[in-house]
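Q: Please take a close look at a single part of this model's surface. Then set that part against the rest of the chain.

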Amino acid sequence: SQVVLQVTGVPVKFMAEAVLYLGFLLSPTLKWREHKERRATFMIQSVGRINRNWAEHKAISWAHEIQLWFAKGWSTGNYGIELAPFGTQAELQRVEVTFLRTSLGIGSTTSIVATYWMIGIFPPKIRAWIAGLRFWAMIVKKSSEELEAKAMETQWMMWHAKNETQTDER
């Protein structure tokens, strides 16, 4: 027997294919993987735009390069990450590490941890956890009766409960 969900007496239709809604790619199974892969593709396109800017501005400093990365590259990739922050962030890290190795002129044998340590930022996995904890803190600060708090809690529970479990396979 199939469960029938209703909202105010109207049956809820289930999706048969992925739907793009407000920048989120919602899959029928509510898995986060498709959304993250789509955001990683956008990050790669951002890297192309950043490289074009660097070609036009040869004397750009490292401080401006990393600011450009956070403004255009990372912000594109981590859109919505607070809804599923505790899995691995392999797609985002892959694009970011490629970008960092290119911009710093280091080879592929350089440790990822050493690269992040050298420039003084946390790896994507840690930054995603921080985003998730900030989101959770915003939920906790609000009165449980506020509509915004209920909406945020529903968002969190929907993605957290249905999200595929991912582990770091290293």
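**A nonpolar surface patch**

A: V19, Y21, L22 and Y79 make a nonpolar surface patch of about 410 Å². A patch joins residues with over 30% relative accessible area and no salt bridge, here nonpolar side chains (Val, Leu, Ile, Met, Phe, Trp, Tyr) within 5 Å; a salt bridge is a Lys or Arg side-chain nitrogen within 4 Å of an Asp or Glu carboxyl oxygen. Areas are Shrake-Rupley values with a 1.4 Å probe.

The model is predicted: local features need pLDDT of at least 70, side-chain atom pairs count only at pLDDT 80 or more, and totals for chains, interfaces and linings use all residues. Residues are numbered from 1 along each chain as its sequence is written, and side-chain values use heavy atoms, with hydrogens and water left out.

Y79 has a relative accessible area of 35%, so it counts as partly exposed (buried is under 20%, exposed over 50%, partly exposed in between).

Helix α3 spans residues 90-104 and contains Q93 (helices are DSSP runs of H or I with at least four residues, strands runs of E with at least two). Q93 is buried because its relative accessibility is 17%. Leaving aside neighbours within four places in sequence, Q93 is in contact with I112, Y116, P123 and P124 (contact means heavy atoms within 4.5 Å).

T115 belongs to helix α4. With 5% relative accessibility, T115 is therefore buried too. Not counting residues up to four places away in sequence, T115 touches L100, L104, I106 and T110. The T115 side chain also reaches the backbone oxygen of S111 at 2.9 Å.

For the chain as a whole, there are 6 helices and 4 strands, in the order β-β-β-β-α-α-α-α-α-α along the sequence. Of its 170 residues, 35% count as buried. The chain exposes about 11100 Å², and carbon and sulfur atoms supply 60% of that area. Of the contacts between residues at least 6 apart in sequence, 57% join residues at least 24 apart.

Mean pLDDT (the predictor's confidence in each residue, from 0 to 100) is 76 for the chain, with 84% of residues at 70 or more. Where pLDDT is low, predicted coordinates should not be read in detail.

How values were computed: Buried < 20%, exposed > 50% of the residue type's maximum accessible area, 1.4 Å probe, protein only. Polar contact = N/O pair within 3.5 Å; in protein donor to acceptor, adjacent residues only side chain to side chain. Patch = residues over 30% accessible without salt bridge, like charges linked within 9 Å, V, L, I, M, F, W, Y side chains within 5 Å.
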